[in-house]
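User: I'd like to go through this chain with you. Could you start with the overall make-up and then move to some helix packing?

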Amino acid sequence: MLVEDKKKINYLVLITILFLALFSNIRYQTGFAVIRLFDILTIIFFIYIFNKEKNNNDKTFGFYCLIPFFAIHVLLSYQLGVMNVLRELSQIVVIVLFLNILNKSKNEINFIHLLKNLFWVFILILLFVIMWHLNKGIFAGWKSFPDSRIVYSLITILFFIYFKVFYKDSSKRFYILSILLFSILMLSGERKAIVIFIFLFSLNYLRGIGVKSIIILFVIYLIFSLSVNKISNPYIQNKVETTLNVMNTGNFNYVLETGNISEGDTWSNVQRNFSYEISKELVLKNFFIGIGTNKYVIFVEDNYSYLPEQMKEGIHGEFQRIIVENGTIGFLLYLFVWIKSWIRFKFELKKSINLNLISKEQYQYLIYSVYLPLIFYIGTEASSSRSFILLGLISILPDIVSSINRNKNKQDYENL
């Protein structure tokens, strides 16, 4: 329940502010690292909470799942020197502090209210991003702010979860808002968010994943294929074409020969395929502990300095990056976080069914709509603090559901 006592900490407000800061683009580049508004506010809020609640010893199992992976990630950064170790350690510390704030809040806030707050946070961010681009004369391809790009995917996930699980009168309003959201995603050019939208929209009419879902996805694919030539905006048309024909793009050999991409291709797809080929070579040579945290970009620069700058970016995909830079050991520790969270999340949701908090249909939808889109996003996005924060959120998600279940049990007992 929400905190009514003014002497207590209003976690709902603090967490809302932190998420707004997390996806804003307020940052300052220093010689040591990029310092974001989120980093500063997280440290300030944690100190404030620590001073107010020194005796709060509420522990979260999800934290313990994270420690082994975070430890090896930091330890393997030593290959690039002490400064690299300190940089990665400081990043991990900020993330742990943020997760600690979430952990302390789980018995104090109404998560449906938090979900609504996050909707408004994401809407405000998207409105700013869209208006900024329109003011610059950019009518498609709203992706100039790297820290805000993830909002397209997250607002899509929250939108479907909210209407499927929490909002009852969802028919007419759901379809109107779905059309509006999909139009924004198409104009943004954020292909990950478009794929997530299509998946969750299809899942909205299914129970689990089976033959029916494959048929629906195939029909959607066919509709897009037939209508792609009708799209007048060349940017959107290119994004749709490269998404539909992803297996026929990413020809990095053409870039090696000519220094430019082939017609109908994109630098993004070419760079992904190039990094995949390089990664296979590096994994085989450094199977157990990898080449070292953050060392991939340096390896490419040292060995392929003649390539265009677009080809020398980092690995787009956290799963791929970890097995390259942190080896099989780091990869298994990373998978452990996901698998343990999945098992515990299912267990806690089954408790929620017994407490009549959700239905069996909502249980199945939550399982797939939370984990699969996030796995897809993290698996196709360049590594960053946000990727680690998503991992942290996944790790403590079962603890949050467990807390909701306990509060429900407590309320039932008090009503006896």
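**Overall make-up and helix pairs**

Analyst: This is a predicted model. The chain has 17 helices and two strands.

User: How much of the chain is buried?

Analyst: Of the 416 residues, 48% are buried.

User: Ok, packing. At what angle do H1 and H2 pack?

Analyst: About 160°, with the axes of H1 (residues 11-22) and H2 (residues 37-52) 8 Å apart. Angles over 145 degrees count as roughly antiparallel, so H1 and H2 fall in that class. H1 crosses H2 in a left-handed sense.

User: Which residues make the contact?

Analyst: From H1, Tyr11, Leu14, Ile17, Leu18, Ala21 and Leu22; from H2, Leu37, Phe38, Leu41, Thr42, Phe45, Tyr48 and Ile49. By class that is 12 nonpolar residues, one polar and no charged ones.

User: Switching to H7 and H8: how far apart are their axes?

Analyst: The axes are 9 Å apart, and H7 (residues 171-188) packs on H8 (residues 191-203) at about 155°. The pair is therefore roughly antiparallel, and its crossing is left-handed.

User: What meets what there?

Analyst: Phe174, Tyr175, Ser178, Leu181, Phe182, Leu185 and Met186 of H7 meet Ala193, Ile194, Phe197, Ile198 and Phe201 of H8.

Technical notes
Residues are numbered from 1 along each chain as its sequence is written. This is a predicted model: local features need pLDDT of at least 70, side-chain atom pairs count only at pLDDT 80 or more; totals for chains, interfaces and linings use all residues. Side-chain values use heavy atoms; hydrogens and water are left out. Axes are lines fitted to C-alpha atoms, for helices over the stretch in contact, and angles run from 0 to 180 degrees between N-to-C directions. Helices (H or I, at least four residues) and strands (E, at least two) are DSSP runs, numbered from the N terminus. Angles under 35 degrees count as roughly parallel, over 145 as roughly antiparallel, 65 to 115 as roughly perpendicular and the rest as oblique. A crossing is left-handed if the near helix is turned anticlockwise from the far one by less than a right angle, and right-handed if clockwise. Contact means heavy atoms within 4.5 Å. Ala, Val, Leu, Ile, Met, Phe, Trp, Tyr, Cys and Pro count as nonpolar, Asp, Glu, Lys and Arg as charged, and the others, Gly among them, as polar. Buried means under 20% relative accessible area, exposed over 50%, partly exposed in between (1.4 Å probe, protein chains only).
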